[in-house]
Amino acid sequence: MLIKGGNANAIVTQVLRDVYALKKPYSVLYKKKNITRPFEDQTSLEFFSKKSDCSLFMFGSHNKKRPNNLIVGRMYDHHVLDMIELGIEKFVSLKDFKNSKCPEGTKPMLIFAGDAFDVSEDYRRLKNLLTDFFRGPTVPNIRLAGLEYVLHFTAVDGKIYFRTYKLLLKKSGCRTPRIELEEMGPSLDLIMRRTYLASDDLYKLSMKLPKALKPKKKKNLSHDTFGTTYGRIHMQKQDLSKLQTRKMKGLKKRPAEKLTDNQENKSKKIKRRKID
Amino acid sequence: MAASSAEEVLAQAERAEAEKLRLITVHKDLELEFDLGNLLAIDPNPPTGLRQQSGRGLEERLQGLARDNTQLLINHLWQLPTERVEEAVVAKLPEPSLRLPREKPLPKPRPLTRWQQFAQLKGIRPRKKTSLVWDEASKQWRRRWGYQRARDDTKDWLIEVPGGADPNEDQFAKRLQAKKERVAKNELNRLRNIARAHKVHLPSQGGMHPTGHQSREELGRAMQVAKVSTASVGRFQERLPKEKPPRGPGKKRQFQPNIGDFAAEKKGQLELIRVMNSKKPQMDVTRATNKQMREEDREEAAKKRKMAKGSNRKGHGDKRKGRPLGPGGKRKGGPPGPGSKRKGGLAGLGGKKGQRQGGKRRK
């Protein structure tokens, strides 16, 4: 769901249109301007989301304090879950790149580069949010020749560079092709401004998996730190006297020895009782 | 000699392999994390080469980095098991490993059907039955139910006429009819279970159910409808000794006549203008107290429901209730206007105890 704010300028509008083109069948672009401030009042966003049954949204606006503002957000149960405000520093549009584009509806590949995406909580949420936003529908198979484009996000020096490249598969000596990239799509330089992240328990609630999807635990298995798998077998109680062992004929007791053994056992028993 | 040539051949083969792989290998300090289900790759290497760069150099560096990362991702994707689907090579993707929050809340479990409720009550557990039964007539193992089942009485080729039956009756047709009735009854019960699950109240003919399982309200409504369905629209129907007169469908709007009491009309309109012009909001005491009482009743009922549901639902219930009252603070039975707050409170208490000021207080 792509919405324009009350004072969206040409750049922000063009950004929204480009994202709409990237996400073609699964997005809706609202033409009219809406005078709301998402960070203060979320009700109109929630109303839109209920009407259009969309949970991901992008809101573009522009004012003197926050020029070229873009708010990316998602909802849970039609209530705002996360919102991150990004400022657009540099923008090159789809139509400024004079080359062929890929067909709409293809699933893009996503790459996040930079250690900032793991270090800070805000960046981690941003990574999660951008993955949610830009990944296409979940499919079990994918046609290898149909991997068309890549969205590459790099976090450097507090800025996030968003570039889109078209994939060219070149011959290499073996089965896996060599990749060459050609810049195709919108390219944005973003900086992170405000964030509105959901409270922990709401986030936990939204991440709840239904029981059927939880991975089944295998019982009686344990893993070592070295990677060895240990299994546990439960046996019934064995009568050890009836164990079948190897019979050494030479060690067999002769009848005379058996008798002396019995006598010793008896005396041992008597001794034990006395001590008790 | 032979050994050295063999070594040479091996070394050459190795070099050839390395050459082949040279084009697609990429060297990275830290390994990337892959989530192939989402076609996602995360590169934790710090971008040292990109700092203090701007303009064209930056773009080229970014493209180089992207190319390397994409190459690694493609290498992994090409290693997935592939199959051929309609002349295209397709790779089977694993499940996406990145956990993303859901869009909508978890679906609620279905309400139990009538049989399931009964079985739970009585403690009846399902007995495991074999799926095949020995059929004596056809001397083979047949299904317990379904196509070509073991004991299908509609398929008998010979039926003895039972003792007390009419000799001209068609026994075969009778059995078929009985089967059709059983099927229809099952279907009806299935649909009723579904309707109960979705809480759909379909209007039934004459307000009555064919099997008699009816709630008190439905019976009341059926009785009212029956009362009014006479030639004189229920005017001369007798009532039971303690029965109260029906409430009626509700008052329609009453309008004053066009040429009525001029003085009263003038007074009313001047009052209206005065209220509209006054800066302080006027408060209707009865409406405010009724609203407050309704809100309190609602809160108590919700609290009771929460207690009944138990502790594990309590937290979520709070979350659900708490959220819509967010920043806007749009409470319904909220505190009335600034000036008359005290007055409203006291008057509210008084109103509850004593007078019924003709307000629309529900019982």
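Across the interface of chain A and chain B, 3 salt bridges are found by the rule applied in this predicted model. One of the salt bridges is formed by the side chains of Glu59(B) and Lys90(A), with an N to O distance of 3.8 Å.

The size of an interface is often expressed as the accessible area that is lost when the parts come together. Between chain A and chain B the buried area is about 5800 Å², and carbon and sulfur atoms give 61% of this area; the contact draws on 72 residues from chain A and 57 residues from chain B.

Strand pairing also extends from one chain to the other, in that strand β7 (residues 141-143) of chain A and strand β4 (residues 88-92) of chain B run antiparallel and are joined by 3 bridges. Within this pairing, Asn141(A) has Lys92(B) as its bridge partner in β4(B).

Within chain A, Asn34(A) lies in strand β2 (residues 29-34). Asn34(A) counts as buried because its relative accessibility is 17%, which falls under the 20% cut-off. When neighbours within four places in sequence are left aside, the residues in contact with Asn34(A) are Ile3(A), Lys4(A), Gly5(A), Gly6(A), Phe48(A) and Phe59(A).

Technical notes
Residues numbered from 1 in each chain as written. Chains lettered and ligands numbered in written order. Predicted model: local features only at pLDDT ≥ 70, side-chain atom pairs only at ≥ 80, totals over all residues. Heavy atoms only, no water. Contact = heavy atoms within 4.5 Å. Buried area = accessible area lost by both parts, 1.4 Å probe. Salt bridge = Lys/Arg side-chain N within 4 Å of Asp/Glu carboxyl O. Pairing = 2+ DSSP bridges. Helix = DSSP H or I, 4+ residues; strand = E, 2+ residues; numbered from the N terminus. Buried < 20%, exposed > 50% of the residue type's maximum accessible area, 1.4 Å probe, protein only.
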